Amino acid sequence: AAQSRIMGICGGEIKGRIQAPPLDGRANKELCRFLSKRLGVPLRSLHIVSGTGSRHKRILVKGKTIDSLKGILLTLLESGGEAGVEQKR
């Protein structure tokens, strides 16, 4: 993909495109960096629980409630996958 972004929801899954190729774990690393920035959590708060070698992944996000994640994801979907939460530095 030209840039990483969230595309929509399909069959109860969040569908996205990641800028990195699926070689040597690069796409998984980019996915975590992308989600970290968009969800406003540190990179260490994200963990791919299953699907590291698949297009379908389950990701654990620590430090956010399910309701706050739903709100952030809805905002992302409404903005075309571009918006996000600014992280505190």
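Cys32 has a relative accessible area of 12% and counts as buried, where buried means under 20% relative accessible area, exposed means over 50%, and partly exposed lies in between, with a 1.4 Å probe and protein chains only. Cys10, by contrast, is exposed at 54% relative accessible area. A disulfide is taken as a pair of cysteine sulfur atoms within 2.5 Å, and by this rule the count is zero disulfides.

The structure is a predicted model, in which local features need pLDDT of at least 70 and side-chain atom pairs count only at pLDDT 80 or more, while totals for chains, interfaces and linings use all residues. Residues are numbered from 1 along each chain as its sequence is written, and side-chain values use heavy atoms, with hydrogens and water left out.

The protein contains two helices and four strands, and from the N terminus on these elements follow the order β-β-α-β-β-α. Helices (H or I, at least four residues) and strands (E, at least two) are DSSP runs, numbered from the N terminus. Of the 89 residues in the protein, 26% are buried. A contact means heavy atoms within 4.5 Å, and among the contacts between residues at least 6 apart in sequence, 40% join residues at least 24 apart.

The table gathers the relative accessible area of several residues.

| Residue | Relative accessible area | Class |
|---|---|---|
| Ala2 | 73% | exposed |
| Asp24 | 71% | exposed |
| Glu30 | 17% | buried |
| Arg33 | 45% | partly exposed |

Glu30 and Arg33 form a salt bridge, with their closest N and O atoms 3.6 Å apart, and a search of the whole structure finds one salt bridge. The term stands for a side-chain nitrogen of Lys or Arg within 4 Å of a carboxyl oxygen of Asp or Glu. In general, side chains of opposite charge can pair when their charged atoms come close. Because Glu30 and Arg33 are three residues apart in helix α1, they are separated by about one helical turn. When residues up to four places away in sequence are not counted, Glu30 touches Ser4, Ile18, Gln19 and Ala20.

Asp24 is placed in the loop between β2 and α1, and its phi is near 55°, a positive value in a residue other than glycine. Most residues other than glycine have a negative phi.

The largest pocket holds about 1,400 Å³ of space. Of the 38 residues that line this pocket, Ile14, Lys15, Gly16, Leu31 and Arg55 are the closest to its centre. On a 1 Å grid over the protein atoms alone, a pocket is an open set of points where a 1.4 Å probe fits, with protein on both sides within 12 Å along at least five of seven lines, and lining residues have an atom within 4 Å of a point. Grid points are joined across faces, edges and corners, and the volume is the space filled by probe spheres set on the points. At least two lining residues come from each of β1 (5–10), β2 (13–17), α1 (26–39), β4 (58–61) and α2 (66–78). The lining divides into 21 nonpolar, eight polar and nine charged residues, where Ala, Val, Leu, Ile, Met, Phe, Trp, Tyr, Cys and Pro count as nonpolar, Asp, Glu, Lys and Arg as charged, and the others, Gly among them, as polar.
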